[in-house]
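Please keep the sequence and the coordinates at hand while reading.

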Amino acid sequence: EGYQEGVSAGTFAANLSTALASGMLFLSQQQLSTLVSLYPYSQYSLPYPYFAISTPVTDFNVRCPNMRLARMIASVAQNPNVFVFQFAYPPRDNGFWIFENIDLGVYHGAEIPFVFGTGGVVLPWNSAESQLSNLVMKTWTNFFATRTMPASWSPVPTTATLSTNITTGQFVLASGVPQIQYLLNLNSPQCSAFWDTLPFISPFP
């Protein structure tokens with residue numbers, strides 16, 4: 001049960017603060033305390049702090065800003081063709097880390113080989129992975145050509161505000177079958193509880 005047994009709350013807070021500072025985000029002690037309470041490290045039963053640290057850092061750097069940006073582009077630019085997607089398949093081949101038996105989950109950039117159909121770095125793709133790549137490529141090329149997505153994939157409303165629920169198309173392998181699942185408001189609850197409240201991060205009109 002690794003990380004929560006061997007790391008104190010203070011050490012976790014210090015590590016999290018260091019990780020965020022590397023992205024040029026410097027929090028007050030009160031903000032850091034609030035953040036640690038929103039990401040309790042006891043929920044990460046891993047022998048290393050990868051997910052405990054990467055989850056809030058991902059919300060700060062990727063998930064929450066992307067959700068805000070999608071709403072802003074749709075509403076401010078009155079663009080009716082804004083769609084949000086998430087690649088949700090954790091590759092069997094995570095590069096050379098595979099030799100260390102480290103599960104990186106769906107890491108940043110994991111979708112790139114599937115967008116371009118380049119295959120794995122170490123492990124060859126199986127049939128399902130090749131089919132998932134074909135689905136991703138077909139979806140994007142169709143969007144570039146027609147500015148449309150599958151009928152079940154709703155665009156971000158042009159009336160969107162910071163709290164508007166939006167549909168996310170999630171590329172997955174479900175029981176070995178590639179598909180797009182449509183999820184409403186695939187937004188970390190920590191976005192609205194913390195990240196979106198920081199004025200220097202969220203200049204939403």
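Does R92 count as buried, partly exposed or exposed? At 36% relative accessibility, R92 counts as partly exposed, where buried means under 20% relative accessible area, exposed means over 50%, and partly exposed lies in between, computed with a 1.4 Å probe on protein chains only.

## Basis of the model

This is a predicted model, in which local features need pLDDT of at least 70 and side-chain atom pairs count only at pLDDT 80 or more, while totals for chains, interfaces and linings use all residues. Residues are numbered from 1 along each chain as its sequence is written, and side-chain values use heavy atoms, with hydrogens and water left out.

## Overall architecture

The secondary structure comes to seven helices and three strands, where helices (H or I, at least four residues) and strands (E, at least two) are DSSP runs numbered from the N terminus. Along the sequence, these elements follow the pattern α-α-α-α-β-α-α-β-β-α.

The protein has 205 residues, of which 38% count as buried. Among contacts with a separation of 6 or more, 64% are accounted for by residues 24 or more positions apart, contact meaning heavy atoms within 4.5 Å.

## Salt bridges

The count comes to three salt bridges, each defined as a side-chain nitrogen of Lys or Arg within 4 Å of a carboxyl oxygen of Asp or Glu. R92 takes part in one of them, with E129 as its partner and 2.9 Å between the closest N and O atoms. This pair links distant parts of the chain, since R92 lies in the loop between strand 1 and helix 5 (112-116) and E129 in helix 6, 37 residues apart. In contrast to the partly exposed R92, E129 counts as buried at 2% relative accessibility.

Another salt bridge joins the side chains of D196 and R68, at 2.6 Å from N to O. D196 lies in the segment after helix 7 (189-193) and R68 in helix 4, so the pair ties together parts that are 128 residues apart in sequence. Both partners are buried, D196 with a relative accessible area of 12% and R68 at 5% relative accessibility.

The side chains of R63 and D59 also meet in a salt bridge, with an N to O distance of 3.0 Å. These two residues are four residues apart in helix 4 and are therefore separated by about one helical turn. R63 counts as partly exposed at 25% relative accessibility, whereas D59 is buried, with a relative accessible area of 3%.

## The largest pocket

The largest pocket has a volume of about 1200 Å³. On a 1 Å grid over the protein atoms alone, a pocket is an open set of points where a 1.4 Å probe fits, with protein on both sides within 12 Å along at least five of seven lines; grid points are joined across faces, edges and corners, and the volume is the space filled by probe spheres set on the points.

Lining residues, which have an atom within 4 Å of a point, number 40 for this pocket, and T58, V62, R63, N66 and Q86 lie nearest its centre. The elements that give two or more residues to the lining are helix 4 (50-76), strand 1 (84-87), helix 6 (127-146) and strand 2 (167-174). Helix 4 gives the most, with 15 residues. By class, the lining has 24 nonpolar, 13 polar and three charged residues, with Ala, Val, Leu, Ile, Met, Phe, Trp, Tyr, Cys and Pro counted as nonpolar, Asp, Glu, Lys and Arg as charged, and the others, Gly among them, as polar.

In helix 3 (residues 29-38), L32, L35 and V36 are buried. Seen down the helix axis, the buried residues of helix 3 fall within an arc of 100 degrees, so they line one face of the helix; the arc is that of the directions from the helix axis to the C-beta atoms. The face turned away from this buried side carries the exposed residues Q30 and S37.

L32 counts as buried at 9% relative accessibility. Leaving aside its neighbours within four places in sequence, L32 is in contact with A13, S17 and L27. L32 and S17 are 15 residues apart in sequence, with 7.2 Å between their C-alpha atoms.

G109 is found in the loop between strand 1 and helix 5 and is partly exposed, with a relative accessible area of 23%. G109 and F87 are 22 residues apart in sequence and 9.4 Å apart in space, C-alpha to C-alpha.
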